[in-house]
Amino acid sequence: MGSVSQFGFLNAKLKARIGVLKDSSLLDDLIKAPNLVEAFSVLKEKGYPELSDVYDKSGDIEEVELEIFKEEIESYRQIRAFLPKKALFFMDVLEEKLELENLKSAIRMWYSDFVRHHQLRDRAAYLYKGRIVSDINWDGVVNALSWEDLEKAVKESPYFETISSFKYESISRDGLFDLEIALDNLYFSRLFKAIDRLSGDDRMVTRAIYLKDMDLKNILLLIRYGYYHRLERDKIEKIAIPFGMVYRDLKENGYFERGDLIKGIRDSVNHRYSALVEDIEQVSRESEKSFEEKGRTEREILKLEGYLHAVRDKEYHSLLSKDPFSIGIMLSYLYLKTQMYQKIRSILTLKRYSWSEERIREAFK
């Protein structure tokens, strides 16, 4: 089957699945469920029996979260079967996002146990230990008896060089923040290199949506860490993802050096995300108040985060109306599926802590 025919077949198959995701009453029914047990009954009836089965057998919500992660991986693998061979390398890089999140979880477990001596190694039972994309010795990461042992556990992966650029002394002194930022930036670098290898319309569509994604992520990262967490000026640029219009404008116009991020972000997004400007100004006003008002700043940031999420939703939904013989339908489906899993996970967690329907709905606004 040719690549055009394969994309056409994938488009038809995924549009049906997307229709189910968009029209499903699952999330509403989950929120209405009076307790956690009833929530799992809803999942069983609405197409997620594996999650219900895991909970029935274990009564362990962490086991369920691991099963959700496995199903996320399976979502990617199901699509691989319908992709033309020339696009498989791109799917590998998309799956690396899941792999990286699993790796960061494994390193956090090692850090808690080996560096902080919190004895949380039993948490490794909830870590996915199968192969995702790369050859990583997951047990070797969690149980490493030195930083060098941890490096060896990832030696055959794309993350080895980045991890090896850090030393135990800096990790034990400064924590994992800088390492995780470096790993994130490595991933986005690999992602955009993969995008550049796509052909024609696939490259154009994919690059456009991920560049906008980078803008929205950077706006939130820089405001959250620059104003809410008051990160030092010399670290602000390190947390930014070095892609997209916002980063380019801040870099080229010297806003990182001057530390005037609110002005820089406002100037950069005014003509493209005009609805954001007032929210950004409000965060700036709140951040200038006393420490006691920090909660108000956080609320403004959460409101901003909600707006950014809505913009991302709109962008990924817009892919459904584009060329059916392109990669766009796949990107839209994976985004919507990931969002569904994240919401299921969040609702189950809130049900676990006996949140009411009204309180959960308020949290999801």
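The model is predicted, so local features are taken only where pLDDT is at least 70 and side-chain atom pairs only at pLDDT 80 or more, while totals for chains, interfaces and linings use all residues. Residues are numbered from 1 along each chain as its sequence is written, and side-chain values use heavy atoms, with hydrogens and water left out.

Begin by selecting helix H6, residues 88–115; helices here are DSSP runs of H or I with at least four residues, numbered from the N terminus. H6 has 28 residues and reaches 39 Å from its first C-alpha to its last, close to the 40 Å expected, where the expected span is 1.5 Å times one less than the number of residues. Centre the view on Lys97, where H6 has a kink of about 25°, the bend at a residue being the angle between axes fitted to the seven residues ending there and the seven starting there. Of the 28 residues in H6, 21 are buried, that is, under 20% relative accessible area, with exposed meaning over 50% and partly exposed in between (1.4 Å probe, protein chains only). After H6 comes His117, whose phi is positive, near 60°.

Next, turn to the aromatic rings, for which the structure holds 11 pairs; rings of Phe, Tyr and Trp (its six-membered ring) pair if their centres lie within 6.5 Å, and planes under 30 degrees apart count as stacked, over 60 as edge-to-face and the rest as tilted. Select Trp110 and Trp147, whose ring centres are 5.5 Å apart with planes at 50°, so the pair is tilted. This pair joins H6 to helix H8 (residues 147–153) across 37 residues of the chain, and both Trp110 and Trp147 are buried.

Phe114 is partly exposed at 23% relative accessibility, as is Tyr168 at 28%. Trp110, Phe114, Trp147 and Tyr168 form one aromatic cluster.

Then select helix H19, residues 328–352, whose end C-alpha atoms are 36 Å apart, in agreement with the 36 Å that its 25 residues should span. Because 19 of those 25 residues are buried, H19 is largely enclosed by the rest of the structure. Ser354, which follows H19, has a positive phi near 60°.

Finish with the arginines: Arg359 lies over the face of Trp355, at 3.8 Å from the ring centre, and Arg258 over that of Tyr255, at 4.8 Å. A charge sits over a ring if NZ of Lys or CZ of Arg is within 6 Å of the ring centre and within 35 degrees of the ring normal.

How values were computed: Helix = DSSP H or I, 4+ residues; strand = E, 2+ residues; numbered from the N terminus.
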